[in-house]
Amino acid sequence: MRLKSECSLLLIVDLQAGLLPVIDGGNQAVAEAQWLGRLACELDVPVWLTEQYPEGLGGTEPRLVEALPDHRLWRKVHFNAHAEADFAAALEASGKRQVVLCGSEAHICVLQTGLGLLQAGYEVYWLCEAAVSRRAEEARLARERMTAAGTIPVSADMVAYEWLERCDDERFRQVHKRFLKPRSSRPLRFF
């Protein structure tokens, strides 16, 4: 299975300002989600953000909101975003069947959202460098469980090159110059 930009949606779960200070790898997750989100916008891939209990956990990290002006924001009470009726209906109406998933906490809201999406018949791609928890071990355990359930682990580079498909057009040259080349030497941890 390969990602296609016209079939994809990027879902960033609960990267919220009040939660991030206690998240292992939180800054990297925000940077990677921001990078892939900007690239998604460049390629007309929708970017959706969720927030859980923003009164206590704060709103979405401001760096994400500023970098992704075309995002769609969903407030939720279920840990599984797909359990929210309006979210599920909008996703179905979008026609997007491939969901690239990241956020926090990996073992709670990201995991439950991913399981809900799989159960509803979507292809789910787990963005390994941007699915984080307070404890890195729980993020790794969540990824293992999601992979066993049918999710495909990916890196942002994998997603970018699959969305682009080819290197012989102006779109690739621009994306390479603005996104891919500057990122190539950045060190990353994969959870």
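Arg 140 forms a salt bridge with Glu 137, the closest N and O atoms being 3.7 Å apart, where a salt bridge is a side-chain nitrogen of Lys or Arg within 4 Å of a carboxyl oxygen of Asp or Glu. Both residues lie in helix α6, three residues apart, about one turn of the helix; helices (H or I, at least four residues) and strands (E, at least two) are DSSP runs, numbered from the N terminus. Arg 140 is partly exposed at a relative accessible area of 34%, whereas Glu 137 counts as exposed at 53%; buried means under 20% relative accessible area, exposed over 50%, and partly exposed in between (1.4 Å probe, protein chains only).

This is a predicted model, in which local features need pLDDT of at least 70 and side-chain atom pairs count only at pLDDT 80 or more, while totals for chains, interfaces and linings use all residues. Residues are numbered from 1 along each chain as its sequence is written, and side-chain values use heavy atoms, with hydrogens and water left out.

In α6, Ala 136, Ala 139, Ala 142 and Met 146 are buried. These residues cover an arc of only 115° around the axis, which puts them on the same side of α6; the arc is that of the directions from the helix axis to the C-beta atoms. On the other side of the helix, Glu 137, Leu 141, Glu 144 and Ala 148 are exposed. The cover over the buried residues of α6 includes α5 (106-119) and β5 (123-132), with contact taken as heavy atoms within 4.5 Å. After α6 comes Gly 150, whose phi is positive, near 125°.

The salt-bridge count comes to 16, and the following pairs are among them.

| Pair | N to O distance |
|---|---|
| Arg 140 and Glu 137 | 3.7 Å |
| Glu 129 and Arg 183 | 3.1 Å |
| Arg 183 and Asp 157 | 2.4 Å |

Arg 183 lies in helix α8 and Asp 157 in helix α7 (residues 156-164), so their pair ties together parts that are 26 residues apart in sequence. Asp 157 counts as partly exposed at 33% relative accessibility, whereas Arg 183 is buried, with a relative accessible area of 6%. The side chain of Arg 183 also meets that of Glu 129 in a salt bridge; this pair links distant parts of the chain, with Glu 129 in strand β5 and Arg 183 in helix α8 (residues 170-183), 54 residues apart. Glu 129 counts as buried, at 0% relative accessibility. Glu 32, Glu 129, Asp 157, Arg 183 and Arg 186 are linked in a network of salt bridges.
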